[in-house]
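Subject: Structure for you to look at, with notes

Dear colleague,

My notes follow directly below it.

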Amino acid sequence: AYVTAAFGTTMKKTKSTERDPDIHNDPAKPGRFGFQDGRGRISTWTQMIPTEPENQYDMIISVWADMGSILPMSKGFQRIGFKRVKVSEIKDWEGESGAPTWLTCRPMAHLPTSVQPGA
């Protein structure tokens with residue numbers, strides 16, 4: 001699994017990680033993807049944005065996973081969830097790692113209800 005962030009016409013992504021086998025070995029059950037050693041971080045991203053919130057782009061956060069074990073016809077990674085975030089809700093980076101911000105993602109409509117992108 002990996003995560004992407006899109007802002008306007010630019011996009012960045014994290015490194016991919018494997019599903020944690022200690023949680024569930026059954027691919028039909030929810031799993032956990034641990035992003036260790038910075039794998040869940042996107043490199044620093046500087047953008048010029050208007051100061052008026054109504055003129056700012058929204059950021060789209062997407063979660064991608066290899067669905068081959070759940071959907072046999074699936075090849076490669078598929079987008080399984082997303083979250084639209086207002087730029088005004090994103091904290092400025094002050095040079096130090098802070099506590100992670102958890103976002104609950106919306107599932108993609110074309111996937112079975114057993115696929116839940118979670119937080």
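In this predicted model, Thr4 stands opposite Ser62 in β3, and Tyr2 stands opposite Trp64 in that strand. Both pairs can be found where strand β1 (residues 2-7) and strand β3 (residues 58-66) pair in the antiparallel sense over six bridges; two strands are taken to pair if DSSP finds at least two bridges between them. On to the next pairing: β3 and strand β4 (residues 77-86) are also antiparallel and are joined over nine bridges, with Val63 standing opposite Gly81 in β4.

As for the whole sheet, five strands form an open arrangement in the order β2-β1-β3-β4-β5, with antiparallel pairing. Because β2 (10-13) and β5 (106-107) stand at the edges, each with a single partner strand, one side of each is left without a neighbour in the sheet. The secondary structure comes to zero helices and five strands, where helices (H or I, at least four residues) and strands (E, at least two) are DSSP runs numbered from the N terminus. When you look at the strands, please bear in mind that in a regular strand the side chains alternate between the two faces of the sheet.

Residues are numbered from 1 along each chain as its sequence is written, and side-chain values use heavy atoms, with hydrogens and water left out. The model being predicted, local features need pLDDT of at least 70 and side-chain atom pairs count only at pLDDT 80 or more, whereas totals for chains, interfaces and linings use all residues.

The mean pLDDT (the predictor's confidence in each residue, from 0 to 100) is 76 for the protein, and 69% of its residues reach 70 or more. Among the elements, confidence is lowest in β5, at a mean of 82, and highest in β2, at 90. Where pLDDT is low, the predicted coordinates should not be read in detail.

Of the 119 residues of the protein, 23% count as buried, which here means under 20% relative accessible area, with exposed meaning over 50% and partly exposed in between (1.4 Å probe, protein chains only). Met67 and Phe77 are 10 residues apart in sequence and 6.5 Å apart in space, C-alpha to C-alpha.

Which residues does Asp58 touch, not counting residues up to four places away in sequence? Asp58, which lies in strand β3 and is buried with a relative accessible area of 16%, touches Ala6, Phe7, Arg84, Val85 and Lys86 under that condition, a contact being heavy atoms within 4.5 Å. A polar contact of 2.6 Å joins the side chains of Asp58 and Arg84; such a contact is a pair of N or O atoms within 3.5 Å, where within protein one must be able to donate a hydrogen and the other to accept it, and residues adjacent in sequence count only if both atoms are side-chain atoms.

Val87 lies in the loop between β4 and β5 and is buried, with a relative accessible area of 13%; leaving out residues up to four places away in sequence, Val87 touches Phe7, Ile49, Gln56 and Tyr57. Val87 and Met59 are 28 residues apart in sequence, yet 6.4 Å apart in space, C-alpha to C-alpha. Gln56 is found in the loop between β2 and β3 and counts as buried at 15% relative accessibility, while a polar atom of the Gln56 side chain lies 2.8 Å from the backbone oxygen of Pro50.

With best wishes
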